[in-house]
Number of protein chains: 2
Amino acid sequence: MLYNLTAPQFAKMLQNLNRLLEKGVEHATHKKFEVDVLLNSRLAPDQFNLIRQIQIATDTAKLGMSRLTGKEAPKHEDNEKTLAELQKRIHEVITYLHSFSEMDLKDATTKHISHPRWDGKYLLGEEFAFQHLIPNFYFHITTAYSILRHNGVDIGKKDYLGELPYKK
Amino acid sequence: MLYNLTAPQFAKMLQNLNRLLEKGVEHATHKKFEVDVLLNSRLAPDQFNLIRQIQIATDTAKLGMSRLTGKEAPKHEDNEKTLAELQKRIHEVITYLHSFSEMDLKDATTKHISHPRWDGKYLLGEEFAFQHLIPNFYFHITTAYSILRHNGVDIGKKDYLGELPYKK
């Protein structure tokens, strides 16, 4: 269950993020401004801009999965400046997420998860996933969405959620 | 596991939302404006304001849990205009969420979940929870956070995440 909740779902949301960014490009093209304006936009002067939101969303997914499983994550230097560089990063993290199987997560729920900022303390894997990783991941995807929406990009809830596996 | 991921975690996030709103009140008091200004703020002209974000966040939690379990959710008329009315709604939904136990969710993962907008189609409970309910719930909590942050309220990631059960 922890697998379905994380690796494939995070990959799906990052794919949705890619589509949100493409709609940002369409908007910038239509309105005749550089897409970099969107990438450098933020919702508050002391909050991160869209570039950093994308870096953190991808980091949250890759480092979270790495902490839960011990599987080494792709490294990024956080020096992306262009949309192409950000899309490359998103793509690399999606590829990493697709490399997981249910077996990789079989011991994850009870694993002791630590974090450089936690001063030697730890959370159990399930606590980490449910109370830290998942809320953080959706926070940064939603904030990226909000920066685009705030700047007039024509996106809605369906772009955020992506396709759902409806059955008849 | 689906229990830990939903009822208590949603209750915790709604409690965090309450604290974010209290920080909004402090900010409004300090800057000498009515807190109603924040409640009626939005990030884009065609996106819902803070009142509606709070209504939808609470609805997402209560109706999601009701769909997964069949347990009747408290009803709200969506006519809240004041902070006190919104806090009452949040409190009622937290009380409802606290009424759940693991047993209530024992058949939820394979339950067929339908939705008035889904045209007779359904999702399995786990698909609904992981791909619809959870992403939607965090979307509206984060958007409420962003509206406050955008308007200068002094909040950060720790206010959003709340307390974590760190161990030594």
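Modeller: A crossing of two helices is left-handed if the near helix is turned anticlockwise from the far one by less than a right angle, and right-handed if clockwise. The crossing of α2(B) and α5(B) is left-handed. The model is predicted, with local features needing pLDDT of at least 70 and side-chain atom pairs counting only at pLDDT 80 or more, while totals for chains, interfaces and linings use all residues. Residues are numbered from 1 along each chain as its sequence is written, and chains are lettered from A in the order in which they are written.

In chain B, helix α2 covers residues 7-31 and helix α5 covers residues 83-98 (helices are DSSP runs of H or I, at least four residues, numbered from the N terminus). Their axes come within 9 Å and cross at roughly 160° (axes are lines fitted to C-alpha atoms over the stretch in contact, with angles from 0 to 180 degrees between N-to-C directions). That angle makes α2(B) roughly antiparallel to α5(B), a label for angles over 145 degrees.

Residues are in contact if their C-beta atoms, placed from the backbone, lie within 7 Å. From α2(B) the contact includes B:F10, B:L14, B:L17, B:L21 and B:V25, and from α5(B) it includes B:L83, B:I90, B:I94 and B:L97. The residues of this contact divide into twelve nonpolar, four polar and no charged (Ala, Val, Leu, Ile, Met, Phe, Trp, Tyr, Cys and Pro are nonpolar, Asp, Glu, Lys and Arg charged, the others polar).

The contact between the chains takes 33 residues from chain B and 33 residues from chain A. Helix α2 of chain B is among the helices that each supply at least two residues of its side, but the largest share, 14 residues, comes from α6(B).

Conventions
Angles under 35 degrees count as roughly parallel, over 145 as roughly antiparallel, 65 to 115 as roughly perpendicular and the rest as oblique. Two residues are in contact if their C-beta atoms, placed from the backbone, lie within 7 Å.
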